[in-house]
Amino acid sequence: MIIQPKTRGFICTTAHPDGCAAQVQKQIDYVKDKPPVKGPKNVLVIGASTGYGLASRIVSAFGAGANTIGVYFDKPAEGARTASAGWYNSAAFEKAASEAELKSYSIVGDAFSDDIKSRTIELIRSELGKIDLIVYSVASPRRTHPKSGEVFSSVIKPLGETYINKTVNFHTGDVTQATIEPASEDELRQTIAVMGGEDWQMWIDQLEQADVLTDGATTIAYSYIGPEITHAVYRDGTIGAAKNDLEATAHRLADQLGATGGRAFVSVNKALVTQSSAAIPVVPLYISALYKVMKDSGLHENCIEQMYRLFSERLYSEDGTPVDDKGLIRIDDLEMKPEIQAEVAKRWAELTTENVYELTDLKGYNKEFFQLFGFETDGIDYEADIDPNVEMPNLK
Ligand code: NAD
C-alpha cells in the first residue's frame, strides 16, 4: 500500500514503517558517534516507543550497551490501517539491538494494569535477572485503575481562572486566541490519577517486592516547567498538579530505594515536538518560537540530544547527579536560559498569523510533527508501494 499522512487535528492516523525506521536509525547513529555512557546494564523503559522514552531506551542500549525491556501501548497494522508510529519505531529498535547483540524485549499492553506489571517481572526474572534502571515515560490521556477499575481521563486546563492566550493551528499557520475554562475538582483529581506518580510508585513497589531490582537501582520520570506564558495552562494547571504529584513520588521513592543505595529522580526536560505535546493548546506555538530562537543560537536539541546529555552529564556523571533546590534534574537548562526566554517572550508579544513563519520555526515544527509518524524523512520514497505489516522482533 502507498502510505501518506492522514491528519485529524493534532493526530496523524497513519505512520510509515520505513520513515519511522530511518528516524530511529538517526537517533542510534547520533548516540553511537558520542563517547560511551558509563551507565546502566539492564534497563526497563515504561513508555518506550516514542518521544523521551524511546530516546532513553536508545541511549541505554547504544550509549551504555544495556539490555533493555520496552513496555508500550501501540498497535500493529490491521487491514487498511497502518501500525502506530511507536510500533514501527520499536520494531526498528528491536532489530538494531539484536544486530548489536544486545538483549532486548518488547511488552505491548497497558502499563497501568497489574497484568503487564506481572508479565514484565516474569520477563526480567527469566531473561535479565535484575534491573538497575527503570525509566518511567508514560504519557497517556486515560488510565484504568488496576484495583478499583475506575477509568480516569486527563485534561489540560487551568485551575481557578479562565486562561486566554495565543495558539496556532500548526497545519495552517492561523494564530488565534485559545480560551480554556478552568478545570473542575473532579477533572483535577482524574488528571493527577493519570499523569501523577501513583502508577510509577506501583511499578517500583511491585518490582521491589518481586526482588528484581539491583541494590543501588535508579529510577527516573520526566517533567516539564517551561515559561511564564504557559504556566497557567501547564505548570499551574491540571497537568502541573499531576507533575507536582510525580515529583513528590520521586522524593518518596528516593527514600524507599535509598535503603539499599538506590536513587529516584524527576528530570525536567525541554519542550519538544512529541505526540503528547502537540495536544496541548498554546504549547506548539511556544515550541515553534523556542525552536527558532534556540536554532539561531546554536543551542537546539531534540529528544535524543536531551537524553544523551541526561545520561552522560547528569544521571551517570562521575561527579554525581546535580539537582536544583527542589531536588530536580534540570536538563531544560538551555531552554530556560534568561536570554533565550527573553527573546521568545519578545517574539511572543508580536506574533500574528501574518508573521508566524518569520518569527517562529513553525515550518520546522510541522516537519518534525510529520517525522514523528515517519513522514518528511530524507531518503524515503513515499510513492512506493510498501507492506504496512511489520513483525515485532522479541515480542513477549
Ligand atoms: P510520547 O507521547 O511521545 O510517549 C508516550 C509513551 O507512553 C509512548 O511510548 C506510549 O506508547 C506510552 N504509553 C501511553 N499510554 C500507555 C499505556 N497505557 N501503557 C503503556 N505505555 C503507554 O510522550 P513524551 O512527550 O515523550 O512524554 C513522556 C514524558 O516526558 C511525559 O511524562 C511528559 O510529560 C514528559 N515531558 C515531555 C515534554 C515534551 O515537550 N514532549 C517535555 C518535558 C517532559
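Colleague: What volume does the second largest pocket have?
Modeller: In this predicted model, the second largest pocket has a volume of about 170 Å³. A pocket here is an open set of points on a 1 Å grid where a 1.4 Å probe fits, with protein on both sides within 12 Å along at least five of seven lines; the volume is the space filled by probe spheres set on the points.

Colleague: Which element gives the largest share of its lining?
Modeller: Helix α3 (85–99) gives six residues, the largest share. Lining residues, which have an atom within 4 Å of a point, include Y88, K95 and E99. By class, the lining has nine nonpolar, one polar and two charged residues.

Colleague: What about helix packing: at what angle do α1 and α10 pack?
Modeller: Helix α1 (residues 17–32) and helix α10 (residues 303–315) pack at about 35 degrees, with their axes, lines fitted to C-alpha atoms over the stretch in contact, 10 Å apart. Helices are DSSP runs of H or I with at least four residues.

Colleague: Which residues meet there?
Modeller: Q27, Y30 and V31 in α1 meet I304, E305 and Y308 in α10, contact being heavy atoms within 4.5 Å. Those residues divide into four nonpolar, one polar and one charged.

Colleague: Changing topic, how many salt bridges are there?
Modeller: The count comes to 23, with a side-chain nitrogen of Lys or Arg within 4 Å of a carboxyl oxygen of Asp or Glu. One of them joins D199 and K117, with the closest N and O atoms 2.6 Å apart. D199 lies in helix α6 and K117 in helix α4, so the pair ties together parts 82 residues apart in sequence.

Colleague: Which conventions apply?
Modeller: Residues are numbered from 1 along each chain as its sequence is written, and side-chain values use heavy atoms, leaving out hydrogens and water. Local features need pLDDT of at least 70 and side-chain atom pairs count only at pLDDT 80 or more, while totals for chains, interfaces and linings use all residues.

Technical notes
Axes fitted to C-alpha atoms, helices over the stretch in contact; angles between N-to-C directions. Helix = DSSP H or I, 4+ residues; strand = E, 2+ residues; numbered from the N terminus. Nonpolar A, V, L, I, M, F, W, Y, C, P; charged D, E, K, R; others polar.
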